[in-house]
Amino acid sequence: MSSSAAFLQWCVLLSLAVLAVSFVLIVVRIIIGPTLPDRILALDMLVAVGIGFIAVIGVKTSYYLYLDIAIALGLVGFLATVAFARFVLNRGRMELAQEESARSAEDPA
């Protein structure tokens, strides 16, 4: 095995290890996350780590169809993040409207 192939193999293994550690930390953040936006951000990062896994496996196997799958997963992850952000925004507006209606019911003047 040439030195460049050995270096590539070492880099792939290191990348997989770093991605695995980040995957575990992100899952912990999803479980512990104190607020909904924290969990949404962690889910977005989980998609990014998934894209990283797919890209590294694509490099390791020299099967470049995996890169197309990673691009498609990135698009789906982006759309999911936008949908979650819109959900959080609408939820905040509804809670604000409920608070204002409760205040107006308590204080008629």
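Analyst: The answers below concern the nonpolar core and the aromatic pairs. This is a predicted model, in which local features need pLDDT of at least 70, side-chain atom pairs count only at pLDDT 80 or more, and totals for chains, interfaces and linings use all residues. Residues are numbered from 1 along each chain as its sequence is written, and side-chain values use heavy atoms, without hydrogens and water.

User: What makes a set of residues a nonpolar core, and which residues form the largest one?

Analyst: A nonpolar core is a set of buried Ala, Val, Leu, Ile, Met, Phe, Trp, Tyr and Cys residues joined through side-chain atoms within 4.5 Å. Here the largest has seven residues: Val 12, Leu 16, Leu 19, Ile 26, Ala 42, Val 49 and Val 56. Helix H1 (3–32) and helix H2 (36–61) each give two or more residues to this core.

User: Why is the pair of Tyr 63 and Tyr 66 called edge-to-face?

Analyst: Rings of Phe, Tyr and Trp (its six-membered ring) pair if their centres lie within 6.5 Å; planes under 30 degrees apart count as stacked, over 60 as edge-to-face and the rest as tilted. The centres of Tyr 63 and Tyr 66 are 5.5 Å apart and their planes stand at 75°, so the pair is edge-to-face.

User: Why does Phe 7 count as exposed?

Analyst: Buried means under 20% relative accessible area, exposed over 50%, and partly exposed in between (1.4 Å probe, protein chains only). Phe 7 has a relative accessible area of 54% and is therefore exposed. Tyr 63, at 46%, is partly exposed.

Terms used. Helices (H or I, at least four residues) and strands (E, at least two) are DSSP runs, numbered from the N terminus.
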